Amino acid sequence: MGFSPRALLFLTASIAFTNFPVQSLPSSNYVLHEIRSPTGTGHVNSHREWKRGSRLDPHAIIPLRIGLAQSNIHLGYEKLMEVSDPFSETFGKHLSQDEVHDLFAPAHETFDAVHSWLVESGLNASDIRQYENKGWLAIDLPVSHAEGLFQTQYHEHEREGELTIGCDQYYVPRHLSEHIDYIVPGIKLSPPMVKRSLERVPDTSSRKYRKGWRPKQMPPDLLSLVKKPPTTPKLPANLQDCARNFTAVCYRALYQIPATSHPVAGLEPAVYESGDTFAQADLDSYYHKYAPWIANGTHPRILSVDGGEAPVAPDSEYNTGESDIDIDIIQTLLWPQTMVLYQVDDRLYTTANNYSGFLNHFLDALDGSYCHSTAFGITGDSPGIDPSYPDNRPGGYHGTALCGAYKPNKVISISYGEGEIDVPKNYFQRQCNEWLKLGLQGTTVLVSSGDFGVAMPPESDTATGCISGSGQNQTIYNPGNPVSCPYLTSVGATQLEPGTTVLDAEGAMQTNLGPGAELFASGGGFSNYFPAPDYQKAAVSKYFAKHDPGHPYYIANANASNIGENGGIYNRAGRGIPDISANGANFRAFNNGTEGHWFGTSLAAPLWASIITLINQERTKIGKGSVGFINPVLYANVDALTDIKQGSNPNCGTSGFTAVEGWDPVTGLGTPKYPSLLKLWLKLP
């Protein structure tokens, strides 16, 4: 049943309004600002498929948040290169958090223009709230008024009993188009809320955990087929069989990582976890067998974000392997350096597996200026809808969303992701700029590139994980998010080929792991939203000049509305993924009390996090700061990495891309040579 907001609502107890025009066809003074499905894919920019339902009750109070266009954002890349380019005179001179806030705060005229329009539209100035860096304006108001302001219609969107709200398109006054980034809720749907009439215990089976490039185990029947390499007198016993049984000792030998770490306060690396939770007993089993110098009971310092809880029992449905393995790798390679774990979001949201834009609460907790803490909730007396945070459902987090509670670590590892197309471009661009700001402050962000080659996991965006559109049916490559953001470092995966040792060359990770994961391979490709950044252009151009993959392609336009044009299956002009890689195959680890062989780019990101932390330690010893955003240095010094020249990442009914000499969209620039990387960064300021 729909609602028609034809009458003006007066709320004497909270917000008063003057006359406001009825929502109708956009006037000539309005211009289209965002539309849900502008692409040729027909994809609705939200994780999985939501069914649009009824119009919202016009009396429902929604927390409208208006993202103001930030100042100097066009200078962001230039500023980042000033502190990250190895040829810059100001390399390593990172900015403070306050300096970053001041640099990008919206201009006074932007704030004044939008604020004046709201007041002229009938809102009381005292009801319009402004956030710390003036980046957001917030107002709680009835649906009918929000629809009038933005010439739109708000609908419920439902999937499996979960409810979100949003609109398909909205308009803004022509003179404000350049001052507004986007609104929430809008094209970006809110996170799930629950209809009171449908309250029930949610399905929290491990199949429904969201956002993980979850590492996978090799099934025993396939493991038995992998041949053992011949014994070589050149290697000790614990390095004879790394191709089948990869351990931290194999990492050290393969990448020449030192066996000692010199802990430095303030250099604790961090891992992001959400939906998966470690079990102490699993860690202890791993330490006992593979790192006996680490005492049982050792675990990261746990920082909870919006109800995140850890640890859990080994047999918990929330313990699916990701957290266990992230901690195993980092703690073993860096001990006695301690580490940090950000456990993000309460159980009800992390098990939903059907909403997009999952990193905002984490960014809120790191940077108070980014907060729009109630932007995803429903406040006030909102008929039919429960709030987000506080999450008043049984088992939900009852506190308020964290805002600027934690200082960003110098190295952050993230092994989670979703399809780039799952979020609106404006939304993703603004979030990508937050990674840029962390880089300006000297933080290295490493994100695994995904595990299904040129696609997303099956049954995520589509049945195959590939995109349809422009006359094609699930044949278009599907790049990931956040890995396509050019201001973080995307990490692919490699493997020792069957029958080889650490003395032999690696290939790209590509292994049949059984039903649903037959095409388990290093994620790679080209962004539809971001062009190749300057630091990467030469490497990508060389790749196409010498190793053109031969697939039909398109050149994505400014709003990515032509995906799949002319039969193309990838964006030839996009930011290339990944940047680098590391081994992600046959890692021995415990989960639910059982030892297994684990695969995934999820293993490669924490390995690189360990290496960058070791380098930061050594720089600190000689009075230098953290390395920060590492991509410009790596692309300018490819000899500090081992080039990977075999393997591929097929999917979407094609061969995907192939690992070749130089950068490629399978393994990037290659794997680390620790001594070369250390020498390189110790020479830099």
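What covers the buried residues of helix 7? In this predicted model, the cover includes helix 6 (248-255), helix 8 (322-334), strand 28 (587-591) and strand 29 (594-599). The buried residues of helix 7, which spans residues 280-290, are Gln280, Asp282, Leu283, Asp284, Tyr286, Tyr287 and Tyr290.

Helix 1 (residues 76-84) packs with helix 11 (residues 425-440) at an angle of about 30 degrees, and the two axes lie 9 Å apart. Helix 1 is therefore roughly parallel to helix 11. Their crossing is left-handed. On the helix 1 side, Gly76, Tyr77, Lys79, Leu80 and Val83 take part, and they meet Leu436, Gly439 and Leu440 of helix 11. Five of the residues in this contact are nonpolar, two are polar and one is charged.

Cys242 and Cys250 form another, their sulfur atoms 2.0 Å apart; its torsion of about -85 degrees makes it left-handed. Cys466 is joined to Cys652 at an S to S distance of 2.1 Å, and a torsion of about -100 degrees makes this disulfide left-handed. Cys466 and Cys652 are 186 residues apart. Cys242 and Cys250 are both buried, as are Cys466 and Cys652.

Note on methods: Residues are numbered from 1 along each chain as its sequence is written. This is a predicted model: local features need pLDDT of at least 70, side-chain atom pairs count only at pLDDT 80 or more; totals for chains, interfaces and linings use all residues. Side-chain values use heavy atoms; hydrogens and water are left out. Axes are lines fitted to C-alpha atoms, for helices over the stretch in contact, and angles run from 0 to 180 degrees between N-to-C directions. Helices (H or I, at least four residues) and strands (E, at least two) are DSSP runs, numbered from the N terminus. Angles under 35 degrees count as roughly parallel, over 145 as roughly antiparallel, 65 to 115 as roughly perpendicular and the rest as oblique. A crossing is left-handed if the near helix is turned anticlockwise from the far one by less than a right angle, and right-handed if clockwise. Contact means heavy atoms within 4.5 Å. Ala, Val, Leu, Ile, Met, Phe, Trp, Tyr, Cys and Pro count as nonpolar, Asp, Glu, Lys and Arg as charged, and the others, Gly among them, as polar. Buried means under 20% relative accessible area, exposed over 50%, partly exposed in between (1.4 Å probe, protein chains only). A disulfide is a pair of cysteine sulfur atoms within 2.5 Å.
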